[in-house]
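Please have the sequence and the coordinates open as you read, and follow each point in your viewer.

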Amino acid sequence: MPKSLPLALVRHAAARALILGLAATTPLAAAQAADTWPAQPLKAIVPFGPGSSPDQVARIVGEKAGAILGQTIVIENKPGASGNIGTFAIANAKPDGYTFGVSITGPLVNNTLLFDKLPYAPATDLSPLTLAVHQPNVLVVPASAGIGNVDQLLDALKRNPDKYNFPSPGAGTVSHLAVELLLQQIGARATHVPYPSSPAALTSLLSGDTQFAALPPIAVMPMVKDGRLKALAVTSSKRSALLPDIPTLAEVGVPGIEGSAWIGFVVSSKVPADIQKKLSDALIQAIRDPEVTKRLQAQFMDPVASTPAEFRTYMDDELTRWAPLIKKLGIKGQ
């Protein structure tokens with residue numbers, strides 16, 4: 001009869017067998033988990049307030065994407081710190097794919113230059129899912145100001161240094177940078193006042209706390225149509241098909257200013273690649289849906305539905321576009 005093996009050796013062999021068994025089954029278990037995803041409702045975080053452009057995109061696209069995935073997508077607004085709070089929440093979410101979100105130029109690109117330290121690194125902590133929409137900012141003034149065109153606004157800015165304030169939905173957003181570039185080109189000054197969302201910025205304009213702004217059309221066009229605001233120009237390089245009657249700044253004599261208030265979907269980079277793909281595919285399919293396209297265009301948004309790789313390239317291009325201005329003016333986040 002063979003001698004009994006030492007107890008420690010038996011335990012070691014058993015533990016090794018267990019580890020090997022787990023290693024053999026882990027890839028299968030992961031694949032099975034991906035196959036059943038999503039098995040519960042999802043959450044889309046919006047780093048800006050209710051009624052903002054990102055909020056509208058999240059709700060319109062999220063409704064259809066949820067139907068495609070067979071689960072409800074719940075919207076959660078987390079505004080503040082120029083979009084950093086909500087965007088960090090997306091990056092720091094449990095990496096199971098059930099939490100993702102929308103964001104914009106500032107927190108995804110420019111805030112890396114505006115803030116000395118961010119709680120997240122956009123290039124490594126977040127994965128792009130799809131660039132959802134482009135929208136041209138609209139340069140507007142209150143109708144009560146008596147300013148009828150861009151020339152009159154520029155003349156008022158030059159004649160009254162530091163008298164004018166302009167709002168934006170956060171430092172480093174295109175609403176902010178497009179105006180800074182405009183002021184630089186004409187040699188004028190005005191004070192930037194950041195707000196947590198476009199609707200909040202619009203409220204400041206209507207109340208008289210600020211005097212002019214370049215804001216997304218979803219925020220300003222209803223007020224343009226009812227006569228409370230006057231639209232002077234768009235910040236895009238060419239006229240928007242959704243706003244055909246509003247000239248570009250280049251058309252009215254101020255060339256070289258181009259900016260899209262784009263919105264895209266992102267998720268924590270720690271989410272497994274196969275789940276990222278399922279989520280990205282659902283969002284792209286949703287954006288391309290004719291009814292969703294119609295609803296987005298009704299909000300003056302041009303649907304894009306890019307691939308994740310195309311979105312990453314576009315964000316890299318945006319950093320190249322805006323970095324020189326941010327550095328030259330010494331703009332800092334607030």
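Here are my points, going from the chain as a whole to individual helices, residues and charged pairs.

1. A word on the model and the chain. This is a predicted model. The protein chain has twelve helices and eleven strands. Of its 334 residues, 51% count as buried. Among contacts in the chain with a separation of 6 or more, 79% are between residues 24 or more positions apart.

2. The largest nonpolar core. This core holds 48 residues, and those touching the most other members are Leu 108, Leu 139, Val 150, Leu 153, Leu 157, Phe 212 and Trp 262. Two or more residues come from each of α3 (84–91), α4 (105–114), β4 (126–134), β5, α6, α7, β9 and α12 (308–329). The biggest share belongs to α7, which gives eight residues.

3. A close look at Val 141. You will find Val 141 in strand β5. Val 141 is buried, and its relative accessible area is 0%. Leaving aside residues up to four places away in sequence, Val 141 touches Ile 147, Leu 153, Gln 211, Phe 212, Leu 229, Lys 230 and Leu 232. Take Leu 153 from that list: Val 141 and Leu 153 are twelve residues apart in sequence, and their C-alpha atoms are 8.4 Å apart in space.

4. Helix α8. Which residues of α8 are buried? In this helix, spanning residues 198–207, they are Ser 198, Ala 201, Leu 202, Ser 204 and Leu 205. These residues lie on the same side of α8, because the arc they cover around the axis is only 155°. As a reminder, an α-helix has 3.6 residues a turn, so residues three or four places apart point the same way. The cover over the buried residues of α8 includes β5 (138–142), β6 (165–168), β8 (213–215), α9 (217–225) and β9 (229–234). After α8 comes Gly 208, with a positive phi near 95°.

5. Helix α9. The buried residues here are Pro 217, Ile 218, Ala 219, Val 220, Met 221 and Met 223. Among the elements that cover them are α2, β5, α8, β8 and β9. Gly 227 follows α9, and its phi is positive, near 90°.

6. How α8 and α9 meet. Their axes come within 9 Å and cross at roughly 35°. On the α8 side, the residues in contact are Ser 198, Leu 202 and Leu 206, and on the α9 side they are Ala 219, Val 220 and Met 223. By class, this contact has five nonpolar residues, one polar residue and no charged ones.

7. Salt bridges over the whole structure. How many salt bridges does a search of the whole structure find? It finds twelve. One of them joins the side chains of Lys 64 and Asp 289, at 3.7 Å from N to O. Lys 64 belongs to helix α2 (residues 53–69) and Asp 289 to the loop between α10 (273–288) and α11 (290–298), so this pair ties together parts that are 225 residues apart in sequence. Lys 64 is partly exposed, with a relative accessible area of 29%, whereas Asp 289 is buried at 19%. Note that the cut-off for buried is under 20%.

8. Two further sites to look at. Asp 162 and Arg 189 form a salt bridge through their side chains, at 2.9 Å from N to O. Asp 162 sits in the loop between α6 (150–159) and β6, and Arg 189 in the loop between α7 (174–186) and β7 (191–194), so the pair ties together parts that are 27 residues apart in sequence. Both count as partly exposed, Asp 162 at 42% relative accessibility and Arg 189 at 48%. Elsewhere, Lys 78 forms a salt bridge with Glu 76, and their closest N and O atoms are 3.2 Å apart. Lys 78 is partly exposed, with a relative accessible area of 29%, and Glu 76 is partly exposed at 24%. Together with Lys 43, Glu 76 and Lys 78 are linked in a network of salt bridges.

Technical notes:
Residues are numbered from 1 along each chain as its sequence is written. This is a predicted model: local features need pLDDT of at least 70, side-chain atom pairs count only at pLDDT 80 or more; totals for chains, interfaces and linings use all residues. Side-chain values use heavy atoms; hydrogens and water are left out. Buried means under 20% relative accessible area, exposed over 50%, partly exposed in between (1.4 Å probe, protein chains only). Helices (H or I, at least four residues) and strands (E, at least two) are DSSP runs, numbered from the N terminus. The arc is that of the directions from the helix axis to the C-beta atoms. Contact means heavy atoms within 4.5 Å. A salt bridge is a side-chain nitrogen of Lys or Arg within 4 Å of a carboxyl oxygen of Asp or Glu. Axes are lines fitted to C-alpha atoms, for helices over the stretch in contact, and angles run from 0 to 180 degrees between N-to-C directions. Ala, Val, Leu, Ile, Met, Phe, Trp, Tyr, Cys and Pro count as nonpolar, Asp, Glu, Lys and Arg as charged, and the others, Gly among them, as polar. A nonpolar core is a set of buried Ala, Val, Leu, Ile, Met, Phe, Trp, Tyr and Cys residues joined through side-chain atoms within 4.5 Å.
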